[in-house]
Amino acid sequence: MCTGRVDLSFIFRAFSNGKDGVFIGGCWPGECHYITEGNFSALSTKHIAGKLLEMIGVNPERLRLEWISASEGSRYADVMNDFSRTVRASGPLGAGEGVDPEELKARLDAVQQLIPYIRLVERIRLRIPLKTVEEYDEFFTSPAFDKLFKETVVDKYEISRIMALLRKKACTPGEITKSLGINQSDVSRHLNLAARQGLCLFDENRNLFSATCDENGVSYKDEADVKVEASALDNGEVDQIIAEYQGRSEALIHVLMEVQSKNRWLSKEILDKISVKLEVPLSRVMQIAT
């Protein structure tokens, strides 16, 4: 009944089912039948979906949003004919972009797995109090949005792709780069973070990374094809930070922030160490960290 009900999952389910294009038609801005201004919500969804399509190598013109009232039958026909021509010119989904069908499926699957997370990001970081279509278009095409999208979505997408590959087989960082086309420095950064979060294990002798569990959360511990051990945290800098403030409980927040900045992850092991060295109860350390 309202374009505000259109969800990212609807759009990407259609593409995952092989549709070559997705069209959304809604009321003109300012003419929403509901106080929620659902058409502006749809506009945000369209911009974010277009950015996701671009990220996975799919032509964003395969998704279109138009404002058409119930009385504009001739305009509706013109718009649909034009969109049909655009989709035909783009070719079949994936083939028109030169993306292998299996690779396209993997990319679409990775995006669909991220959609619940993206909804939260949209509510917290991307919900903007703008009043016009022009303001929305300006924001979603700005360098500020590109930076925010990279920080909140692209990195999570790349980690999702890496973990999907590691669930199939153990790989070296070089093999991941070659297989997924992700920059090697980004691969190293993502693997480091994933290892610290317990998502993957590392065999130092063979430089192999392996997933710790399948997509359903079932552990591979007893079934792994390669013997791997948890990636050791590089705690040199962390130890130095903690030692500098040993016994100074008042420095807790400063220490946590500095360790987070250097290590990008506050593991249970690190929180235990901070508790002991700063002489602060672990419950208090965990409360502040949270």
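Here is a short walk through the nonpolar cores of this structure and one of its helix pairs. The model is predicted, so local features need pLDDT of at least 70 and side-chain atom pairs count only at pLDDT 80 or more, while totals for chains, interfaces and linings use all residues. Residues are numbered from 1 along each chain as its sequence is written, and side-chain values use heavy atoms, leaving out hydrogens and water.

Let's begin with the largest nonpolar core, which has 39 residues. Such a core is a set of buried Ala, Val, Leu, Ile, Met, Phe, Trp, Tyr and Cys residues joined through side-chain atoms within 4.5 Å, where buried means under 20% relative accessible area with a 1.4 Å probe, protein chains only. Leu8, Ile11, Phe12 and Leu52 touch the most other members. Among the elements that each supply at least two residues are helix 1 (8-16), strand 1 (22-26) and helix 4 (101-126); helices (H or I, at least four residues) and strands (E, at least two) are DSSP runs, numbered from the N terminus. Helix 4 gives the largest share, nine residues. Because domain 1 (3-141) and domain 2 (149-211) both contribute residues, this core lies between them; the domain bounds come from an automatic or database assignment.

Now look at Leu52: beyond its neighbours within four places in sequence, Leu52 has contacts (heavy atoms within 4.5 Å) with Leu8, Phe12, Val111, Ile118, Phe149 and Val153. Another core, of 18 residues, lies apart from the largest one and includes Ile162, Leu165, Leu180 and Leu191.

Methods:
Buried < 20%, exposed > 50% of the residue type's maximum accessible area, 1.4 Å probe, protein only.
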